[in-house]
Amino acid sequence: MVGVLMHTKYLVLRHSFSGSKAATTVYGLIAGLLAAGATIWFVVRAGAGAGDLLALTLASWVVGWVLAPMMGSGDPGIRKEHLDRLPITHRRKAVALFAAALVGVGPTVMLVAAASLLVYAARLGAGAAAVAVPAVLLLILLVVAVSNVVVVGIGSLMNTRRAAALMAVPWGVLICLTAQGWTLIAAFGGNAGGPLPAGFAHGLRVAPSGWPVAAVEAAGRGQWGAALAALAGMAAIVAMAVLVWARLLRRPQPAPVITPGTTQAWAPPTTVRAVMGKELRTWSRDLVRIHFLTFALVYAVTYALLPLAIGSTDYLPMTGVFGLALAAGCSAHLYSSDGTALWHTLLAPGNERADVRGRQLAWLVLVGPPAVVLTALGAVAHGEMTMVHWAAALLPVTLGAGVGLMLLISVYVPIRMTDPHRRGSNPGHDGGSLAGLVWLVLPVLAVAAAPAIVLVAVGPPWVGVAAGFAIGGLLAWGLGRLAYRRLGTHGPELLAKVGKA
């Protein structure tokens, strides 16, 4: 059965390799192979600190495998529901799913990255090279097993709005570190390129991700007991992960927690107010929207706080601007996330304007006040007016351009998302598709903010601030107008694209 499932997983991946799925897979494969190649290159070029560098790199790979499921990364291919009708135990089911999970792009890339251990072991002798081979295989098994346990655990536990928000916190911090991690390096790692501190290097080898390095180094010194103990520890973790996986499979999938609505009649005075009320309720209940809006907030706050490590407070007044820019990108999927529910909007021709304006007002009410508060708090903490002028000019531009641009992109560049009634408990499942929308929004926001930036730089600051309000208001109105006109003329085509997921 294991062989059949592995072949089935291969067929699933092969037949799903088309359209946007193929492009995403190719981009992921290229990026993964580049990162794996960089890992090998660093080990080849490193001198005496090669072991420390390898332990740090492998720890980064393992952390990535553990955190990736929080954004829905990876394709499960074979799910437990496919095996529910078979007369097998949950333990055998977990073993079968584990074997199927070994087939895919992710394990292949990890195998290439783990080959850096073979390169390092070749320096230490034939004994170390012999130990490196099972160490590489066990490392692959370990990351795949632990990652899938996280996936099943998320499916069993993360089915509430609070959990959807909490899932975004570690991912927002991790992604931010890729952009602002240089501040921590500058603050705590001034001897870049030198050996790691002894305590930190030892800690990397004590962690399970460093056991392959510890096993290879022990074998190179002739300490075969320690080498075998490290390998046995990795095998034990794999076995325990599979047992935990089997136990999680026994638990029934909990239904999402639904809070009953109020029985009080609600009669909005206008269609725009009705759409606005509907959107505010959706923003407070949809796990996908909660997840990615929290991600935007966490990323912005972390991005502004990290420079404090080097004594800089310049980014603090811009926290609200950062949050708005990322929130606009994370919200450019509104009609895509509606899925087949878009049919209800199209059944009321002539209300496209009210639908777009109501969504814009709801977004402004939701993200505008927090952005203003973050900007004010950052300005007070910064204490100087220089960055405050920039923030005051950029905040209205980003708010107005963002609220118009997110709807315009939503109707012009729809993406395939899982239909609301078919979504699982992992709100980050469509994270890969949404990431592309963020990269569409950010450059346009930068262009829209350029006039206000120039006016603040060359003239009195209040002129730039006034221009920011004027540009933001104009873009919110104009881009919204383009969006509802597009929705009115191409609504059925939009439904055809977003209703196939």
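The model is a predicted one. Its secondary structure consists of 20 helices, with zero strands. The chain has 501 residues, of which 45% are buried. Among contacts with a separation of 6 or more, 83% join residues 24 or more positions apart.

Confidence was examined along the chain. The mean pLDDT is 81, and 82% of the residues reach 70 or more. Helix α17 (residues 352–382) has the highest confidence, at a mean of 93, whereas helix α2 (residues 19–45) has the lowest, at 71. Over residues 190–194 the pLDDT is below 50, and this stretch has one contact in the model beyond near neighbours in sequence. Where pLDDT is low, the predicted coordinates should not be read in detail.

The largest nonpolar core contains 61 residues, and within this core Tyr335 and Trp363 touch the most other members. Two or more residues are given to this core by each of α8 (161–188), α13 (287–305), α14 (319–330), α15 (334–338), α17, α18 (385–412), α19 (431–458) and α20 (461–498). The most comes from α18, which gives 14 residues. The contacts of Tyr335, not counting residues up to four places away in sequence, are Leu342, Asp355, Val356, Arg359, Leu407, Ser410, Val411, Leu487, Leu494 and Val498.

Ser116 lies in helix α6 (residues 116–124). The relative accessible area of Ser116 is 0%, so this residue is buried. When residues up to four places away in sequence are not counted, Ser116 touches Thr39, Ile40, Val43 and Leu54. Cys176 counts as buried because its relative accessible area is 0%. Cys330 is likewise buried, because its value of 5% falls under the 20% limit. The structure holds zero disulfides.

Six aromatic pairs were found in a search of the whole structure. In one of them, Tyr303 and Tyr315, the ring centres are 5.6 Å apart and the planes are at 5°, so the pair is stacked. This pair links distant parts of the chain, with Tyr303 in helix α13 and Tyr315 in the loop between α13 and α14, twelve residues apart. Tyr315 also forms an aromatic pair with Phe322, in an edge-to-face arrangement with 5.8 Å centre to centre and 75° between the planes. The two geometries are classed by plane angle: 5° for Tyr303 and Tyr315 is under the 30 degrees required for stacking, while 75° for Tyr315 and Phe322 is over the 60 degrees required for edge-to-face.

Tyr315 is partly exposed, with a relative accessible area of 28%. Phe322 is also partly exposed, at 23% relative accessibility. Both Tyr315, at 28%, and Phe322, at 23%, therefore fall between the 20% and 50% limits. One aromatic cluster is formed by Phe295, Tyr299, Tyr303, Tyr315 and Phe322.

Notes. Residues numbered from 1 in each chain as written. Predicted model: local features only at pLDDT ≥ 70, side-chain atom pairs only at ≥ 80, totals over all residues. Heavy atoms only, no water. pLDDT = per-residue confidence, 0-100. Helix = DSSP H or I, 4+ residues; strand = E, 2+ residues; numbered from the N terminus. Contact = heavy atoms within 4.5 Å. Buried < 20%, exposed > 50% of the residue type's maximum accessible area, 1.4 Å probe, protein only. Disulfide = S-S within 2.5 Å. Core = buried A, V, L, I, M, F, W, Y, C linked by side-chain atoms within 4.5 Å. Phe/Tyr/Trp six-rings, centres within 6.5 Å; stacked < 30°, edge-to-face > 60°.
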